[in-house]
Amino acid sequence: MNELLAARSLTTLPVVTLGGDAVAQVKDTVFDAAGGRITGFTLSGRGLLSGPLKQSLPWSAVHSLGPYAVMVRDALALQDTSAVVARREAQQGRVLHAKVLTDEGAEVGTVLDVIVEGGTSGRVVGFRIAAGKALVQGSRRRRHRVYVPRGETLAVSGRALVIPADATRYVADDLSAFVARVGAFRAGREESA
Amino acid sequence: MAWWTWLVVVIAALAAVVAVSLAVQAGRRSGTVIAVRRRPGGKDLR
């Protein structure tokens, strides 16, 4: 598995061509909720006073996603913003701070971050959530932030992340345990396929 | 008021304008994570 990255940490990453030129920086990370993959990035300029760009970066034009930069072949990779996300979608699809609901209708927390796989994958592998006591037992400090593998979630949108009511079985407290859970989940799926 | 008092007032006002401008610009550049729904053909659901 490639390195896991928090989607929030991708904001302000430079977009760098293979020729070494930084042509923009990441503003928003856009992903396909059903397919579980990054579809692209909206961009802002590199200068201190530069604002959002009218260009975006579709995932198909990304050479590789790393912890320090998004690599593209050349500046021609940038396209019109609507190629990645429409204005209305951008307003309605904001996942951060969306409610986390169980399939029984209980509210158990809020979404803090989206965990994605770097490299050429761009897969959304899970979510970091601020969990309430109903979801995770234990001390307040430990139960506050947990990871949920995407394969265990039922739906995600700008309004809510829906997880099974028995989610306490598979939430992970830290990223290393989360990686093991994701690996086990994938192995289980491959065995059943 | 003495002339230097006006100078201080002008400098303070300019500093405030610059600070507000930088804050607004930082807000415009701040990002988030957006979930969209795509049809298999690649078109988004509206």
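Modeller: Two strands count as paired if DSSP finds at least two bridges between them. Keep in mind as we go that this is a predicted model.

Colleague: Thanks! In which sense do β9(A) and β10(A) pair?

Modeller: Strand β9 covers residues 99-102 of chain A, and strand β10 covers residues 107-117. Three bridges link them, which meets the cut-off of at least two. The sense of the pairing is antiparallel.

Colleague: Which residue takes a positive phi in the hairpin of β9(A) and β10(A)?

Modeller: Four residues lie between the two strands of this hairpin. Among them is one whose phi is positive, near 95°. That residue is Gly105(A).

Colleague: Let's step back to the whole of chain A. Why does its radius of gyration agree with that of a compact globule?

Modeller: Chain A has 193 residues, and a compact globule of that length would have a radius of gyration near 16 Å. Its C-alpha atoms fill a box of roughly 50 × 35 × 30 Å along the principal axes. Buried residues make up 38% of the chain.

Colleague: How much of residues 5-62 of chain A is strand?

Modeller: Chain A as a whole has four helices and 14 strands. An unreviewed UniProt entry lists residues 5-62, along with 97-165, under "domain: PRC-barrel". Over residues 5-62, the end C-alpha atoms are 16 Å apart and helix accounts for 7%. The strand share is 57%.

Colleague: Now for the two chains together. Which element gives the largest share of the side of chain B that touches chain A?

Modeller: The contact takes 13 residues from chain B and 30 residues from chain A. On the chain B side, α1 (3-29) and β1 (33-36) each supply at least two residues. The largest share is four residues, and the element they come from is β1(B).

Colleague: And which residue of β1(B) stands opposite Val30(A)?

Modeller: Strand β3 of chain A, residues 22-32, runs parallel to β1(B), and four bridges join the two. Opposite Val30(A) stands Ile34(B).

Terms used: Residues are numbered from 1 along each chain as its sequence is written. Chains are lettered from A and ligands numbered from 1 in the order in which they are written. This is a predicted model: local features need pLDDT of at least 70, side-chain atom pairs count only at pLDDT 80 or more; totals for chains, interfaces and linings use all residues. Two residues are in contact if their C-beta atoms, placed from the backbone, lie within 7 Å. UniProt positions are given in the numbering used here, feature names are shortened, and annotations may be inferred rather than shown by experiment. The radius of gyration is taken over C-alpha atoms; the globule rule is 2.2 Å times the number of residues to the power 0.38. A residue is buried if 20 or more other C-beta atoms lie within 10 Å of its own, exposed if 12 or fewer, and partly exposed in between; C-beta atoms are placed from the backbone.
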